[in-house]
Amino acid sequence: AGVLRAIGDASARLQQDALRVMRAYRYLGAVPAGSSPRLPDAALEGALQGSGGLVAQLSRERVLGEMQRILRTPMMAAVVKRMLLDGVLEVVLAGKGPKEVDSTELRALE
């Protein structure tokens, strides 16, 4: 399905606008049904990991609006799993992170 890249320095781009974190996850899942999810390139992948602090700066309304869009993408399960592993879902769900999600729940996202 392709590779998602940031224009310029991925970390700098996310720092400039924290909403880009949530949009990146949405774009990862926005592929035709039956396709594989997009993958971030190495720079974007590194920038997304641990970017929950940026998401925490956003209003709840903006975060929840993007989360609703993510949940409507064909690859939402793969995207939500990536968000969980990257430490972003914990911020979106206000505190529930990988330690609180058991392996059965993670497997259900596959």
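**View 1. Helix 2 and its buried residues.** Leu19, Val21, Met22, Ala24, Tyr25, Arg26, Leu28 and Gly29 are the buried residues of helix 2, where buried means under 20% relative accessible area, exposed over 50%, and partly exposed in between (1.4 Å probe, protein chains only). Helix 2 is thus mostly covered, with 8 of its 11 residues buried; helices are DSSP runs of H or I with at least four residues, numbered from the N terminus. The model is predicted, so local features need pLDDT of at least 70 and side-chain atom pairs count only at pLDDT 80 or more, while totals for chains, interfaces and linings use all residues. Residues are numbered from 1 along each chain as its sequence is written, and side-chain values use heavy atoms, with hydrogens and water left out.

**View 2. The salt bridge between arginine 26 and glutamate 66.** The closest N and O atoms of this salt bridge are 2.7 Å apart, a salt bridge being a side-chain nitrogen of Lys or Arg within 4 Å of a carboxyl oxygen of Asp or Glu. Because arginine 26 lies in helix 2 and glutamate 66 in helix 5 (residues 60–71), the pair ties together parts that are 40 residues apart in sequence. Arginine 26 is buried at a relative accessible area of 19%, and glutamate 66 is buried at 4%.

**View 3. The salt bridge between glutamate 45 and arginine 82.** The two side chains meet at 3.6 Å, N to O, and the pair links distant parts of the chain, with glutamate 45 in helix 3 (residues 42–48) and arginine 82 in helix 6 (residues 76–86), 37 residues apart. Glutamate 45 counts as partly exposed, at 31% relative accessibility.

How values were computed:
Helices (H or I, at least four residues) and strands (E, at least two) are DSSP runs, numbered from the N terminus.
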